[in-house]
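Here are my notes for your first look through this one. Keep the structure open beside you and check each point as you go.

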Amino acid sequence: MAAAKAKVQNKRASARQSVSLIVAKAEDMRQRQVLLYEQGKDPEERDYHTSAHTQDFAALVKSQNSRLGSDGLQCKDGAAGIEIAEVPDLTLVSGKNKITPPKKENIWVRLLRQIFTGIFNVLLWGTVCVEGVLIYTGNSDDIVTPIILASVVIAAGLLQWWTELQAESLMDALSGMQATAAVPTVRRNKTERQDLMLDAEDLLPGDIIFLKSGDRIPADVRILWCTDGMEVDNAALTGESIPEPRIPAAAEKDSPPTQAKNLAFYGTTVMKGNATAMVFFTGDRTFLGKIAASIKSARSKSTLEIQIEHFVHRIAIVAVCVGLASLIANLLDPKPHSMGYIISNAAGALFAQVPEGLIPTVTISLMIASEKMSGRNVLVRKLDAVETLGCVSVVCSDKTGTLTAGDMTLRDMVHFKDEGSMSTATDFSNTFPDDRKTLPSKMLRGGVRNNATVISGPGKYVGSPTEVALMKVRNNATVISGPGKYVGSPTEVALMKAGVKAWGQGKVKDVMDNVTLYEIPFDSANKYMFVAEPYHAGGQLFSLKGAPERVIKFCDYAYVGTGEEASIKPMTQAMRDVIDAEQKNLMKQAKRVLGIAERRENLPQDFDWDKCTNDHAKDKFLPGMVFIGLFGIQDPPKPGVKQAVEACHAASVNVIMITGDHPDTGVAIAKEISIIPNREDLPNYTVITDKELHDKVPSGETFEDDGSEEALRLEAFWKEVVVHARVLARVTPIHK
């Protein structure tokens, strides 16, 4: 007996110990997550906070009980990543790597709510019930009225329910198209390396993953290692139209994570390069998850809902009063009446006050408006949102892809007209790839030839926006491999598209297919790219393209007036000042600027290019360049946007641009499309930046109006912003 009792006690003790170990392990894993947040910040806070971008590689990886490979940060060799034995416990603590969708109301519950709830519907159904009771008791033989009344209410509810259900189904279908491919991941089984292809949902904090050009980033990650010049497209999150470079180095301690160059966020895309990265946030903890959580708040009532509700309340009061008055009058009538007559008379008096045609009329009107909006590519999820458009006095719009085309385009080619001034070409249709005399032709050919873009399909350009604008030509990193699809950095694709538009794809391919003797690819350290090719008249032609300040450093001469050798002039300091002023002018217009230069060389035909190194090329080939000009590349406004903004202003509707771009970029575009006047002295509060918004947004859904000094400060700020603000720049998606 005693032995059995002891055995039971031992089992209980063992169970308690196991539970304690599980709790301790779970708490340990939660503490790992806490280490990823900024000190003193609440992980449940709506704003996005992390310290992952400021931590040293070793400390960050160790804090998540992960491990680097035997080859260091690349993790291509040796046991690396999290321990496989910890995966089940980590999954319990962190959950699946997916954003929790908002709760959806059951479609049948929604139908019943739209048919039977609301004061107006209650009145109508009350009347139907009274009429039904009178018919049942034999006090009335009017069965048409309650049937018509019930049919009207049910039809109105069904129409609204069906329209909203269709819009919701379409939204779900669009969401389903955003599936993420399997992710190359490395984990360790004690001392053994395990290379896996995991679904994005199965990723956990501490996982080490491998990214390549074109990949959609499956979680918030810290870059451990990347190829030089790696770029990520953050347009969906920040509004930046130009892909942003990524580097592994730790950021400064107090720098905001959204601007860190060593982080990549869930839902963005790798545009160029390869990387090894460590997952630090998944699911709802990601930047995208925080944004999703911030827009799940309860929807405020529309103006139409408020007005109809106010009207219905009045009608209800009047109807009930009239019904009661009729009931009392019949009861007090000296002539006796049957109870059925009295109730029928009172119900008729009440029913006569209710405009039963109101609900179906409003519903059908909104449905017609919704159909018209769908013809303009606008999806209306809630019918009453259509009416809200008629009450608009302020329109807040994103910039990239909404006000602008979302496509980097070559807009200017600037070259010396004479030694003291420069000329700008904006029409490239009169340029020719074989024209060596006019400077715009020489510039565009150089931009296409020195280019790393690839054309690989119909009408799509992929690459650096600036290059896309030009190949939209040969000092370009864009590739042509099929009709109209360009793969490369958007900058290069911009140049390539310009060439294709001006000359046709055939002539561009002829330029691109010219033999490349030697090239130096673009990298973030040099900020230029170089290509050597045979020259048609003998010898070689060297072409240099990149950041203007890097290109000009190698230029001892410049073409002035024409592209002929006779027009080459020595580069003077005054000419350098003119170039610098023109560069600043283009940048002030929110344009990305590239410089281009070339020079002739006569190396022997048997010169061994294979033995040439980048250092040799930099010392021997780059000095003595002849400056040709500057490219101005920009994401231009969409056609019709300026006219739409001016139409809004004419209707006394203010338009506000909200963008993640630099303030100068936002202001330049805003001036071009008439959001703000084209002048230098803008009133205070016209342009608001993230630094000004940082401590002036509510931590909850609304501002606290408690009369405190802080509340009064915020009230004063936002009163000015509401009246004067026209551009909000560098704002985060959560601010939006």
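1. Start with K190, which you'll find in the loop between β1 and β2. The model is a predicted one, and in it the phi of K190 is near 60°, a positive value in a residue other than glycine. Here is the background for that remark: most residues other than glycine have a negative phi. Is K190 buried or exposed? K190 counts as exposed, because its relative accessibility is 62% and the cut-off for exposed is over 50%.

2. Now look at the strands on either side of that loop. β1 covers residues 183–189 and is joined to β2 by seven bridges, with the two strands running antiparallel.

3. On to charges. How many salt bridges does the structure hold? There are 14 of them, and I picked out a few for you to compare. One is between the side chains of R187 and D207, at 2.8 Å from N to O. This pair links distant parts of the chain, 20 residues apart: R187 belongs to strand β1, while D207 is in the loop between β2 and β3 (208–211). R187 counts as buried because its relative accessibility is 6%, and buried means under 20%. D207 is buried too, with a relative accessible area of 0%.

4. Where are they? Both lie in helix α24 (residues 709–724), four residues apart, which is about one turn of the helix. E715 counts as partly exposed at 35% relative accessibility, whereas K719 is exposed, with 53%.

5. One more salt bridge: E672 with R411, where the closest N and O atoms are 3.2 Å apart. Both partners count as partly exposed, E672 at 31% relative accessibility and R411 at 24%.

6. S652 is found in the loop between α21 (641–650) and β23 (654–658). With a relative accessible area of 61%, S652 is exposed.

7. Which helices each supply at least two of the patch residues? They are α9 (303–332) and α10 (339–352). The largest share comes from α9, with five residues. V320 is a handy one to select: it lies in helix α9, and at 36% relative accessibility V320 counts as partly exposed.

Methods:
Residues are numbered from 1 along each chain as its sequence is written. This is a predicted model: local features need pLDDT of at least 70, side-chain atom pairs count only at pLDDT 80 or more; totals for chains, interfaces and linings use all residues. Side-chain values use heavy atoms; hydrogens and water are left out. Two strands pair if DSSP finds at least two bridges between them. A salt bridge is a side-chain nitrogen of Lys or Arg within 4 Å of a carboxyl oxygen of Asp or Glu. Buried means under 20% relative accessible area, exposed over 50%, partly exposed in between (1.4 Å probe, protein chains only).
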